[in-house]
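Trainee: I would like to go through this model with you, one point at a time. Please show it first.

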Amino acid sequence: MADKKPLVKEFTKGLIAENPVLRLVLGTCPTLAVSTSVMGALGMGAAASIVLICSNIVISALRKIIPGKVRIPAYIVIIASFVTIVQMLVKAFVPEIDESLGVYLPLIVVNCIILGRAEAFAGKNSVIASAFDGMGMGVGFTAALLAMAFIRELIGTGAINGTQIFPADFSMLIFILPPGGFFVFGMLIAVANKLAEKKGKPKAELHGCESCPMAASCSLINSGESCDVKEATVK
Amino acid sequence: MSVNKKLTVSASPHVRSPHTATGIMLDVIIALIPALIAAVVIFGTQVLLVTLVCVGSAVLSEYLSRKVMKRHQTIGDLSAVVTGLLLAFNLPVSIPLWIAALGSIIAIVVVKQMFGGIGQNFVNPALAARIILLVSFPSKMTDWTPVGLTTATPLASLKSGEVISAELPTMVDMLLGKHGGCLGEVCSIALIIGGIYLIIRKVISPAIPLSYIGTVAVFMLIAGKGSFEFTAYQLLSGGLLIGAIFMATDYTTSPVSFKGKIIFGIGCGLITAAIRVFGGYPEGVSFSIIIMNILVPHIERLTTAKPFGTPKKDKKAEKAAKKAEKEAAKV
């Protein structure tokens with residue numbers, strides 16, 4: 001079991017090797033949407049991280065009680081409760097961030113990173129390992145968001161959080177707009193792949209059948225074949 | 001012995017076309033020269049400076065990026081020069097020189113070399129760079145004032161007024177290029193001369209330009225309720241001619257077959273006309289060509305010629321085979 005792995009490893013794998021945004025390409029929608037400003041990215045990263053850690057802990061603690069067939073609705077209920085709590089807290093104490101995040105704050109409920117970690121990790125591992133996994137993934141998500149937001153805000157407006165770094169005349173508006181977001185996203189994925197491969201890690205891949213949402217109804221799961229093999233023969 | 005000396009033993013192909021990439025690019029450069037001369041006459045010597053910066057930075061960034069990527073040098077094929085020239089022709093004369101240089105770097109490094117260099121780019125580099133600049137620096141890219149001719153381009157005034165007013169330049173001025181616009185797009189006659197030269201030299205086929213311009217003409221005739229004057233202004237203004245003749249015909253980013261070229265041209269025309277009539281921008285040539293560039297692989301797949309002698313596709317048999325395959329995969 002993965003419980004035997006050192007806990008530090010559960011934490012550090014989320015930073016680069018399995019960075020949720022840049023290596024697993026999860027949570028792309030909020031990433032592209034809120035990475036136009038560093039403050040927004042920080043708020044989004046923090047809010048999603050808190051939800052991720054809490055939901056990972058609770059789902060892991062309840063993993064033996066939740067029946068397999070209704071696990072997704074159960075996970076969603078747990079995640080939604082934490083999102084609601086976080087949203088209320090943000091609204092009460094930092095209303096500016098609530099305003100800048102807009103609809104993306106409640107949308108954390110359907111963020112693939114959180115559901116993905118619940119399904120792939122917390123549903124199968126111990127509470128402490130899940131907490132560390134959540135922390136690593138949360139930090140990885142926040143770091144990726146911050147890196148994107150820093151590049152986009154700096155080049156797009158010439159300023160970081162209101163402080164002008166270079167004259168706005170020289171800024172390229174496209175970096176604030178969606179095409180620039182996709183461009184920076186692609187570049188960062190390339191950098192992350194390069195960094196991860198340097199450490200001798202394989203290219204980003206999913207964790208085989210156990211994390212696949214179709215696993216329950218898949219005919220290949222016990223046949224020993226993997227989906228890739230099937231795809232190759234069809235082609 | 002003497003016979004043997006005259007025979008060279010080599011691998012196929014044995015019949016080579018005299019056309020080379022360098023030769024074709026040289027022809028394109030020659031075809032662009034009339035427009036360049038016209039631009040210098042209309043806008044002054046600043047044109048040469050902008051062009052020089054664009055071409056220079058394009059060639060330099062091609063050289064450097066090939067060097068960094070450790071690939072063989074390709075600046076000799078002159079394609080970077082053409083990209084630089086076309087980009088310069090797509091900029092207003094008042095453009096700050098650093099933006100022009102930045103555009104060349106985007107065109108060559110991001111759009112062309114990152115995808116593998118000449119023949120590998122999926123959209124026209126000069127156009128992609130123009131759009132990135134247009135979105136990034138909207139006010140600087142549409143600043144026509146220093147020209148001292150008209151404040152708005154004919155298309156912009158057509159767009160705002162929707163009727164032909166006295167503000168518009170005369171038809172002769174439209175042909176000669178005495179109106180606001182980007183460097184290379186204003187002088188229609190020079191562009192047409194360049195186009196005819198390319199067609200005579202068989203560098204481009206007339207299929208794309210004619211179907212493109214024809215589609216715009218038909219659409220505008222309908223939009224202008226049969227007004228030939230409106231249609232003529234639409235055809236002569238903006239980047240339609242330079243786009244149809246020089247950009248849409250780019251080998252890498254346009255279909256190979258005749259049928260594909262016609263589909264490509266009509267698609268470009270429809271999108272251009274739709275943007276001009278219904279869209280927020282007064283001009284849609286660059287967007288339409290880029291969109292059709294992206295569709296080219298699909299057009300190619302639909303229009304690939306069948307090799308002579310191959311039997312007709314039996315759709316029923318194919319379906320049955322697919323079904324059997326699926327069932328086999330299930331088991």
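This is a predicted model: local features need pLDDT of at least 70, side-chain atom pairs count only at pLDDT 80 or more; totals for chains, interfaces and linings use all residues.

**Two chains, point by point**

Trainee: How many of the 331 residues in chain B are buried, as a percentage?
Mentor: Residues are numbered from 1 along each chain as its sequence is written, and chains are lettered from A and ligands numbered from 1 in the order in which they are written. A residue is buried if 20 or more other C-beta atoms, placed from the backbone, lie within 10 Å of its own. In chain B, with its 331 residues, the buried share is 45%.

Trainee: What pLDDT does chain B average?
Mentor: For the complex, the predictor gives an ipTM of 0.73 and a pTM of 0.78. In chain B, 90% of the residues score at least 70, and the average pLDDT is 84.

Trainee: How many helices and strands does chain B have?
Mentor: Helices (H or I, at least four residues) and strands (E, at least two) are DSSP runs, numbered from the N terminus. Chain A comes to 9 helices and 2 strands. For chain B the count is 16 helices and 0 strands.

Trainee: Where in helix H15 of chain B is the kink?
Mentor: The bend at a residue is the angle between axes fitted to the seven residues ending there and the seven starting there. H15 of chain B covers residues 285–303, and its kink of about 50° comes shortly before the proline Pro297(B), at Leu295(B).

Trainee: Which helices cover the buried residues of H15(B)?
Mentor: The buried residues of H15(B) include Ile289(B), Met292(B), Asn293(B) and Val296(B). Their cover is judged by contacts, meaning C-beta atoms, placed from the backbone, within 7 Å. What covers the buried residues of H15(B) includes, in chain B, helices H6 (125–136), H13 (240–247) and H14 (258–278).

Terms used:
A residue is buried if 20 or more other C-beta atoms lie within 10 Å of its own, exposed if 12 or fewer, and partly exposed in between; C-beta atoms are placed from the backbone. pLDDT is the predictor's confidence in each residue, from 0 to 100. Two residues are in contact if their C-beta atoms, placed from the backbone, lie within 7 Å.
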